[in-house]
Amino acid sequence: MSKRKKVVKLRKRRSINIGIVIFSIMFIYVAIYVYIFLTKDHLSIYEVKEGSVVEDNLVTGLILRDEEVFYSDQAGYVSYFRKEGVRVAKNESIFSIDDNREIVDILVNREEPMELSNRHNAEFKYKISNFQKNFSNHNFNYVYDFKEDASSTALEVLSTAMIEQGQIIEESTGFNFSYDIYKSPDSGIISYHIDGFENLTSYNISEDLFNPEDYELTNLRNLEIISSDNPMYKLMKSEDWTITVPLTEQQYSKLIEKDRIEFTIVKDNFMASGNLSLFKKANDYYAMIEMDQYLSNYINDRFLEINLHIEAVEGLKIPLSSIVDKNFYLVPIEYFTLGGDGGQSGLNKLTFDSETGEANITFVPTTIYYRNDIYGYVDTKQFEAGTWIQITGATDRYQLNLTDKLTGVYNVNMGYAVFKRIEPLYKDDEYCIVKKGTEYGLASYDHIALDSSTAVEQAIIY
């Protein structure tokens, strides 16, 4: 009888798929790289360009004009014929006063249409055409301007009709209408607002006048019926006007040699210029700016906030986010020397043998980030605090401990971040104007890190 053979099954040895391993490693590497890329701060680059800014010298100016207020000599109902701010000629009708408005009611309520003269008809056509040409849904002021222009012309027509129809009615009925037309005794720009400053001159200027909070402006056209000796309008007979502004002693000293100045009117961001004269009253300093244009733009303004362009700052314009302060060792100038294969500037570093105490000198190439008459500025990351250096060919030694800060940015022209010193001249909320042409500094079209906090010095940025 044959013996039964016992068969033992051997487990197959699993083979490692090298392709899957490599693929897994690459997948993990890419995943880590993508994660780091997405979570790290990215460095944005800003190109340096030249710029300028005018230092803020905001002051409140007081306007003085050649202006005269005219009064009524009787009481009654008033009707104005001219638009505010226009130039009127001598003997031009300005307003009328009627005891009882009878003539106005007759003209308004009569059935016959009022005929326009050729001049008034052409004027209406021009105003309508100009309104159609300039109207914009984005600027509704054109509607109000057109309304006021049309109303002024209509009132002028009414004024003429009152005179003509009044004479006709008087001749035909014998009824005497008691209304009077008042005309301008001089030519000038008309205004219907008064404030009590009309007779003010530079001779009675004082500090307490520059307080707009106590200022009151009265609109004369708000009254339909007026009393005798009531102010009716005022004329500005000349286009010449002045803006008087109080100054600090520092502003006064900067302007003392100027005879003309540029400034910006804050109200409408309008830039203008005028002849300049300075004067003092007691311990107060003032400037008077003489103007011969734009009077009609500000006929109802007594106070104007203006920005004096005393000093314009020019240089390189950079964002504030680029600026960083960095610590440097202060190294006496005489300790710098030339060495190495390329004749580089550097320092002789001293090291001491721990057993013998013998001093060894090693030349270390060193970048000077800034220098003055006494010190050169060296990066604190290049040497440990307390490191000794020595002058070439002498026994004088100096220990690196004294530090100072420099203000600068990270220049990335070469593809890695390098600190460059700057000299700020002016700052606002977003940008800084820095001096151009500085040693170890920036130049136009340099590229810098937009956000200094995202830059790592000497690290490749790409």
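**Cavity, pocket and strands**

Author: Arg65, Ser191, His193, Asp195, Tyr215, Leu217, Lys234, Ile299, Asn300, Asp301 and Arg302 line the largest cavity. The model is a predicted one, in which local features need pLDDT of at least 70 and side-chain atom pairs count only at pLDDT 80 or more, while totals for chains, interfaces and linings use all residues. Residues are numbered from 1 along each chain as its sequence is written, and side-chain values use heavy atoms, with hydrogens and water left out.

Reader: How many cavities of 30 Å³ or more does a search of the whole structure find, and what volume does the largest cavity have?

Author: Rolling a probe the size of a water molecule over the atoms shows where empty space is left. On a 1 Å grid over the protein atoms alone, a cavity is a set of points where a 1.4 Å probe fits but cannot get out, whereas a pocket is an open set with protein on both sides within 12 Å along at least five of seven lines, and lining residues have an atom within 4 Å of a point. Grid points are joined across faces, edges and corners, and a volume is the space filled by probe spheres set on the points. Here the search finds 1 cavity of 30 Å³ or more, and the largest cavity has a volume of about 30 Å³.

Reader: Into which classes do the residues of that lining divide?

Author: With Ala, Val, Leu, Ile, Met, Phe, Trp, Tyr, Cys and Pro counted as nonpolar, Asp, Glu, Lys and Arg as charged, and the others, Gly among them, as polar, the lining of the largest cavity has 3 nonpolar, 3 polar and 5 charged residues.

Reader: What lines the second largest pocket?

Author: That pocket, with a volume of about 210 Å³, is lined by 14 residues, of which Leu64, Arg65, Asp66, Leu200 and Thr242 lie nearest its centre. Two or more lining residues come from each of β3 (58-71) and β12 (231-247), strands being DSSP runs of E with at least two residues, numbered from the N terminus.

Reader: Which strands pair with β20?

Author: Two strands pair if DSSP finds at least two bridges between them. Strand β20 (residues 344-352) runs antiparallel to β19 (residues 337-339), with 3 bridges, and Gly339 stands opposite Gln344. With β21 (residues 359-365), β20 pairs in the antiparallel sense over 7 bridges, and 6 residues lie between the two strands of this hairpin. A further 3 bridges join β20 to the antiparallel β24 (residues 388-390), where Trp388 stands opposite Leu350.

Terms used
Helices (H or I, at least four residues) and strands (E, at least two) are DSSP runs, numbered from the N terminus.
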